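I open this notebook to record what I looked up, entry by entry. The structure comes before the notes.

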Amino acid sequence: MTLNLQRTDLIRAGHLIDGRWCGEATFDVTNPADGSRVGRVPDGTPADATAAVAAAHAAFVQWRARPAKERAALVESWHDAVMAHQDDLGRLISREQGKPLAEGRGEVAYAASYIHWFAGQAVRSNGEVIPSPVSGKRLLALREPVGVVAVVTPWNFPAAMNARKIAPALAAGCTVVAKPAEDTPLTALALAFLAEEAGLPPGVLNVVTASRANTPGVVGAWLADDRVRKVSFTGSTPVGVHLARESAGTLKKLSLELGGNAPFIVFDDADLDAAVEGMMQAKFRNGGQTCVCPNRVYVHAAVHDAYVEKLAARVRALKVGPASDPEAQIGPMINARAADKVERHVQDALAQGARIVVGGHRLDRGANWYAPTVLVDATPQMACACEETFGPVVPVTRFTDEAAVVAEANATPYGLAAYFYTQSPARIWRVAEALDCGIVGINEGALAAEAAPFGGVKHSGYGREGSVHGLDDYQHIKYLCQGGIV
Ligand code: NAP
C-alpha cells in the first residue's frame with residue numbers, strides 16, 4: 001500500500017540527536033491494517049538516550065536565554081510547517097496508527113492548534129510584583145523554565161500527544177528529549193524534522209526511538225539522569241506509576257496523563273439524538289482508542305430501549321476499513337494485543353449475562369480487527385466496567401436513580417473524563433459538580449480544545465495540558481527579595 005507523500009523525506013529513519021539524524025534503522029514500523037511496512041527506525045539504547053540529554057542540556061543555556069518573542073516566533077514557524085504538510089502528516093498518521101485518513105488529517109490540525117496556542121502563551125509568561133508585608137523590601141516572582149524535559153508518549157495520537165508536550169516545553173524555554181511509542185515513531189520524527197526545518201536550533205528537540213523491549217532502558221536512562229528536570233508522560237496508569245517511582249530519586253517534576261474509565265450517563269430528560277451523536281463522536285473516534293472514550297454507559301430505564309435502538313442503528317451503519325479506503329469511518333486496533341483485550345472484555349461480559357445488540361466478534365480482516373459493538377445488561381462487576389477497554393465496545397447499563405448513578409460513575413480509581421446528557425439546568429450543576437474527574441462533557445461528546453485544561457484526577461494522573469495553565473508544568477517560580485530600599 002503506497003503512502004503517496006508529496007514530501008517523501010518526511011519519513012525519517014534515524015534518531016534526531018543534537019541536530020543530527022543518527023542510528024541504524026533496525027525495527028519495522030507497520031500498518032496495523034495489514035502488517036505492511038511503513039518505515040524502519042533505530043532501536044535506541046541508554047547510550048543514545050544519554051547523548052540526547054547531553055545535547056538538550058547544552059542547548060538549554062542558549063534556548064532559555066532567547067527572548068520569549070523569538071522562541072514564540074520559532075514555535076509558530078513550526079506550526080506553519082506542520083499545517084503546510086497537513087495532508088502528508090495525516091497520511092503518515094493513518095498508516096502507522098490505523099485511523100481513517102480524515103481523522104489523521106484532523107489530528108494534524110488538532111496537534112497544530114496546541115503548537116499555535118503555546119507560541120502565543122510564550123510571550124504571556126508574566127511574573128508578579130508582590131506587596132511587601134514590611135517596609136524597605138520589594139518582592140517579585142519570576143517564571144523560569146525547569147530545564148531538560150523528557151517526553152514519553154503513546155501511540156493513539158502520535159502527533160497530538162507529542163505536540164501537546166513539546167510545544168509548551170519549547171515555549172517555556174525548556175529543551176526536550178522525546179521517546180515516541182514503538183508502534184508510531186514516524187509521526188514524531190516527521191514533526192521533529194519540520195521543527196528543524198522551521199529553524200529550531202540543534203539540541204533543542206531530540207527524539208530517540210526504541211522498540212518495546214528497549215524502551216525501559218532508554219526512558220530509564222532519563223529517569224536516572226539528574227540533568228532531566230521533568231518528565232511529561234501520557235500512557236497507561238501502571239507505567240505512569242513506574243515513572244513516578246523511578247524519578248523520585250532525582251526529584252523530577254512530573255505531568256502524568258494516564259488511563260481513564262469514563263462514564264456516559266443518559267438521563268430520562270435527555271435529547272436522545274444528541275446523546276447518540278455524542279456517543280458516536282466520543283466512543284468511535286480512533287476505533288475507541290482514546291483516553292476520554294466512554295467506557296461505561298448508563299441509560300435511564302425510561303429511555304433505555306429507545307436510546308439503544310437509535311445507537312445500534314448508527315453503530316451498525318459504521319463503515320469499517322483501512323485508512324486507504326476513503327469511505328472508512330473506523331479502522332483496526334493498533335495491534336493484536338489490543339484486539340485480544342477487546343475480545344476478552346466482550347467474552348467476559350457475555351459470560352456474566354450481557355447481551356449483544358450489534359457486533360461482538362472479531363472481523364475476518366486480520367488479527368487487529370474487531371467489529372463495532374453494542375452490549376446491553378452490563379454490570380459493574382464486568383471487566384469492561386472495571387478496566388479501560390480501549391476499543392469499539394459500548395456496554396450499556398440501565399439505571400433509575402440520579403444519586404445512585406453518580407455514585408456508580410465515581411466508583412472507579414480513575415477520573416479523567418465523564419459525560420452526561422440532560423435538559424435540566426439544575427441537574428447539570430448537581431451532576432457536573434458531583435462527578436469525580438478532570439473533564440466533564442455536558443450534552444457534548446467532543447471535549448478537547450487547546451484553550452481548555454486537559455487532565456485527570458485520582459489514578460488518571462495530574463498536570464494539565466493546554467489552556468492558560470499549560471505552561472505551568474514546564475516552569476518553576478523563582479522568588480526575588482530585594483532589601484535596603486529606603
Ligand atoms: P503505555 O503502554 O503506558 O505506553 C505509553 C508510552 O510509555 C510508550 O511510549 C511506551 O513505549 C512507554 N513505556 C511502556 N513501558 C514503559 C516502561 N516500563 N518504562 C518507560 N516507558 C514505558 O500506554 P499505551 O498502551 O501506549 O497507551 C494507552 C494508554 O494511554 C491508555 O491507558 C490511555 O488511556 C492512555 N492515554 C491517556 C491520555 C491522557 O491524556 N490522559 C491520552 C492518551 C492515552 P513502547 O511503545 O515502546 O512500549
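Entry 1. I take helices as DSSP runs of H or I with at least four residues, numbered from the N terminus. The model is predicted, and I keep that in mind for every entry.

Entry 2. I looked up R71 and found this residue in helix 2, which covers residues 68-84. Is R71 buried or exposed? I count a residue as buried under 20% relative accessible area. R71 has 7% relative accessibility, so I note R71 as buried. I then checked R71 against L170, which is 99 residues away along the chain. The C-alpha atoms of R71 and L170 are 7.4 Å apart.

Entry 3. Which elements give two or more residues to the shell around the ligand? I list helix 5 (160-172), helix 7 (215-224), strand 10 (228-234) and helix 8 (237-246).

Entry 4. I looked at the make-up of that shell. There are 32 residues around the ligand, and those that come nearest are T153, T215, S236, L258 and E388. By kind, I have 16 nonpolar, ten polar and six charged residues in the shell.

Entry 5. I looked up distances between N or O atoms of the protein and atoms of the ligand. For T215, an N or O atom of the side chain is 2.7 Å from an oxygen atom of the ligand. For W155, I read 3.0 Å between a side-chain N or O atom and an oxygen atom of the ligand. For L258, the atom is a backbone N or O, and a nitrogen atom of the ligand lies 2.8 Å from it. On its own the ligand has 900 Å² of accessible area, and the protein covers 89% of this area.

Entry 6. I went on to backbone angles. Most residues other than glycine have a negative phi. N4 is not a glycine, yet I find a positive phi of about 55° there. N4 belongs to the segment before strand 1 (15-17). With a relative accessible area of 55%, N4 is exposed.

Entry 7. Where is D377? I place D377 in the loop between strand 15 (373-376) and helix 12 (383-386). D377 is also not a glycine and has a positive phi, of about 65°. Its relative accessible area is 30%, so I note D377 as partly exposed.

Notes: Residues are numbered from 1 along each chain as its sequence is written. This is a predicted model: local features need pLDDT of at least 70, side-chain atom pairs count only at pLDDT 80 or more; totals for chains, interfaces and linings use all residues. Side-chain values use heavy atoms; hydrogens and water are left out. Buried means under 20% relative accessible area, exposed over 50%, partly exposed in between (1.4 Å probe, protein chains only). A residue is near a molecule or strand if one of its heavy atoms lies within 4 Å of it. A polar contact is a pair of N or O atoms within 3.5 Å; within protein, one must be able to donate a hydrogen and the other to accept it, and residues adjacent in sequence count only if both atoms are side-chain atoms. Accessible areas come from the Shrake-Rupley method with a 1.4 Å probe; for residues, only the protein chains shown count as cover. Ala, Val, Leu, Ile, Met, Phe, Trp, Tyr, Cys and Pro count as nonpolar, Asp, Glu, Lys and Arg as charged, and the others, Gly among them, as polar.
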